[in-house]
Structure formats: C-alpha cells, structure tokens
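Please have the sequence and the structure at hand while reading.

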Amino acid sequence: MDYLKELEAKSVHDCYHHKIKVMDKRVSNSPIWVPGPVIVGAGPSGLASAACLKQKGIQSLILEKSDCLASMWKLKTYDRLRLHLPKQFCQLPLMPFPKNFPSYPTKQQFLAYLKNYADYFDVKPAFSTTVVSAEFDHRCGFWRVKTKGMKNKEEVEYVSQWLIVATGENAEEVVPQIEGMDKFEGTMLHTSFYKSGSMFSGKNVLVVGCGNSGMEVCLDLCNHNARPSLVVRDTVHILPQQMFGKSTFGLSMCLLKCFPIRFVDQFLLIMSHLMLGDTSQFGLNRPKLGPLELKNLNGKTPVLDVGTLAQIRSGNIKVCRGIKRLAKHTVEFVDGKVENFDAIILATGYKSNVPSWLKGSDMFSSKDGLPKKAFPNGWKGENGLYAVGFTKRGLLGASIDAKRIAEDIVHI
C-alpha cells in the first residue's frame, strides 16, 4: 500500500536506518528491514493474521521455528483428534471449510484446510527460524526481532514497526513434578507424544488430567483394549457435545444473545443432568460457578463429552484421586490407595513460551504468558505490539483478533 511505501522511504532518512548496517556485531548479517508486520508463529493464528493483512494490501513476514505449518496440530496431537466445536466456529477468516467436510473435521482434514488456506493467500512463512528475542527500540520506534536458524545456526535480525505474537497459549508442554517420577520404571509421556492407544493394548494406564484431551485419550485407550484410569484432582464441568441435535457451544452462543450468562449456565446444567446424569457419583464433581461463567473468569474450558462418560459409568475407566507419589511400578494416591500401572500419560496441558523471548513488555506475565490487565483488549498492546489467540476463545477468538489487528494497522 502507499502508506507502507511512504514509511519505507521515510526510514531511509531515519537515524535507525543509518545505523542498521552496523548494529549488533553478534549477528552474522546486517539487520533486515520488513516494511510490514513481523508475525511470530505459523499456526492458525499466524495464518489468519497474514491473510487478513493481505486482504488489506499489507504484506507480512511469518517466522516459524518448526519446518511446517501448524506444528502443534501436526506433530503433537493424537490420531483420533477431531475439532471439538463445529467447523463454522473454527474456520479462519475469509475462507470457510469445504462443504463436504463433516461438522467436526478430523485432524488431517483440518491440516489440509490450513495448507489450502496458506496456498490460497500465498502465505510463505520463513520455516526453521526460531525467534530468540524481540524487543522494542524506544530510541527510533521499531521492533528488533533476533532469530536463529535450526540447521546452520545463522543469526538474523529483522526490523519492523509492528510485531504480532501468534505463538498461541499452547506452545510448550506443562509437566508436573510428582514425587518419585525418577523412580517409575514404566512408560511415562506427555500427550504431545501420544498418538494412539494401540501401543498400550492390555496394559494398565494412568491418565493424569481430566480436560478434553485427558478424557479423549482415556476413550481412545478403551477402544484399543487398554485399562485406563483417570486422575481427577479438581472439579470439572462435563457437558454433552450436542443438545437437541445442535452443538452445545452453538446453542449457548444463541442463548447468550437473549439471556444473561447465569441463566444460560443453569439451562446447560439442567440439560446436562438430564442427559448425562449426576457426574459426582463417579468422582466428577462440578465447580460452584457455571461452565460459561467459569470460562469467562479463568479460561477453564468445560469438557464436551464424546463418549468417555459412558465408559466411566460402565467401569471401563476408573476415576482416581490426586497422586501422592510414584514408585517403580506403583502409584500411591492421596486417599491412600496404591495401584500398579504399566504407563502414565500426562494430559497436563501446555503453556505459552512468549515470556522467554518477548523482552521489555508487561503484556505477558512470567507465570503463564497470558495477557495482563495492562493489555485489556487481549489483542493490542503498545508500540505496535499485537497478539492473536491469547483470549482463551479458541480458533474463533483468534480469527476475531486477526481481523481487528488488520483493521487497526491499515488505519495507522
């Protein structure tokens, strides 16, 4: 666009531009000027951002540490994974899912959709490029983004007026520290390494974590003739995936247009009790706050049941209390029970890695990498800093963020 050309021309006379070739001696090449935004992350959030910007005539540069699009989806998810929400709530801006896709696309279908999305908008990320640090230079008003290549270890620095953080909330595995972990002689792995229950057939497997992933892994283990047990330390809301032939999520969104959140929560809980029964009898106690109110308050997502509860009810999946300690082949629980297990699967989630490389910003807390109160909109910070996919609203939230960012940048 004209304003980008004007900005680039002006930068020639900027003090920063004159220093750019003699900047940091630690980098092997001179810093590279990027006339549009630098986007960190080539997952759905990064692709959506690049597409929305391109629609406005703005070119961008995506930096991706892996060698593929959507590395989390491609490399760190289990085979049976499907989108938990209907496709209309998961599609990226400007390009819907193919009509022949099912309501809940599979992992492979979603990955194919992302590739087609990138091809359609001609988005070509710089793969195998790890962002080491990104810092705003207050002297001259630009972002300095330092990177390192995975293969030749070459260091490159990019300079841009805008930085879009699109690495998501789920960048690194959360591995809890449990007493005796080093003594356990069975298989122990995070769900990021779990592909299928076939390798656990006939084995006693303990799944730690009762979110959507933990529940679905247990179901997958059952389907492969394993004997899973599920650790439930906290309260959890379990809702049917569909009500009255419609998705529970979609129905909730419709009701919220007309009714207050607490009314909708009560409706969801009544219907869930009628359809699923009293989950507390299986050791699955519900929180005091309703599912939507709890989601808004701390981002905790309710579990959408896809068949796991029926396996718990039939006794094929055992529910256990929290873990006290591990031994060679046994697990001692906080209620005193001790049981033998061949494997432990940690469905303990992920965290952001942004605090490790984004410097000099109070947008992300050092604890969990989530937006702080100083970043009230959840997508726009200061000095040309933006974030996509950090509002705990899934793919739908990321799409909304991407649209807002493109609108904001084009009007600068």
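Which residue in β18 does I323 stand opposite? I323 faces F333 across the pairing. The model is predicted, and every value below is computed from it.

## The sheet β17-β18-β19

The strands β17, β18 and β19 form an open sheet in that order, with antiparallel pairing. The edge positions are taken by β17 (323–326) and β19 (338–340); each has a single partner strand, so one side of each is left without a neighbour in the sheet. From one strand to the next, the twist averages 25 degrees.

The contact between β17 and β18 (residues 330–333) consists of three bridges, and the two strands run antiparallel.

A second open sheet has four strands, in the order β1-β6-β5-β4, and its pairing is mixed. Here the edges are β1 (32–33) and β4; because each has a single partner strand, one side of each has no neighbour in the sheet. Strands of a sheet pair through backbone hydrogen bonds, in either a parallel or an antiparallel sense.

Eight bridges connect β4 with β5 (residues 142–149), and this pairing is antiparallel.

Most residues other than glycine have a negative phi. Which values of phi do D122 and S128 have? For D122, phi is near 55 degrees, which is positive in a residue other than glycine. For S128, phi is likewise near 55 degrees, again a positive value in a residue other than glycine.

D122 is placed in the loop between α5 (107–120) and β4 (129–137), and S128 is also in the loop between α5 and β4. Their accessibilities fall in separate classes. D122 has 43% relative accessibility and therefore counts as partly exposed. S128 has 15% relative accessibility, so it counts as buried, the cut-off for that class being under 20%.

## Helix α3

Helix α3 (residues 44–55) contains twelve residues. From its first C-alpha to its last it reaches 16 Å, close to the 16 Å expected at 1.5 Å a residue. Is the helix largely enclosed or largely open? Ten of its twelve residues are buried, so α3 is largely enclosed by the rest of the structure. The buried residues are P44, S45, G46, L47, A48, S49, A50, A51, C52 and L53.

A51 lies in this helix, and its relative accessible area is 0%, so A51 is buried. A51 and P93 are 42 residues apart in sequence, while the C-alpha to C-alpha separation in space is 7.7 Å.

## Cavities

Rolling a probe the size of a water molecule over the atoms shows where empty space is left. How many cavities of 30 Å³ or more does a search of the whole structure find? The search finds three.

The largest cavity holds about 50 Å³ of space. Its lining is made up of H84, N212, M215, E216, V303, L304, D305, V306 and T308. At least two lining residues come from each of α6 (212–223) and β15 (303–305). By class, four lining residues are nonpolar, three are polar and two are charged.

## The second largest pocket

The second largest pocket has a volume of about 250 Å³. It is lined by 17 residues. Which of these lie nearest its centre? They are V232, G283, V319, C320 and R321.

Strand β16 (residues 318–320) gives the largest share of this lining, three residues. By class, the lining of the pocket has seven charged, six nonpolar and four polar residues.

Conventions:
Residues numbered from 1 in each chain as written. Predicted model: local features only at pLDDT ≥ 70, side-chain atom pairs only at ≥ 80, totals over all residues. Heavy atoms only, no water. 1 Å grid on protein atoms, 1.4 Å probe; cavity = no way out; pocket = protein on both sides within 12 Å on 5 of 7 lines; lining within 4 Å. Points joined across faces, edges and corners; volume = space filled by probe spheres on them. Nonpolar A, V, L, I, M, F, W, Y, C, P; charged D, E, K, R; others polar. Pairing = 2+ DSSP bridges. Axes fitted to C-alpha atoms, helices over the stretch in contact; angles between N-to-C directions. Expected span 1.5 Å × (residues − 1). Buried < 20%, exposed > 50% of the residue type's maximum accessible area, 1.4 Å probe, protein only.
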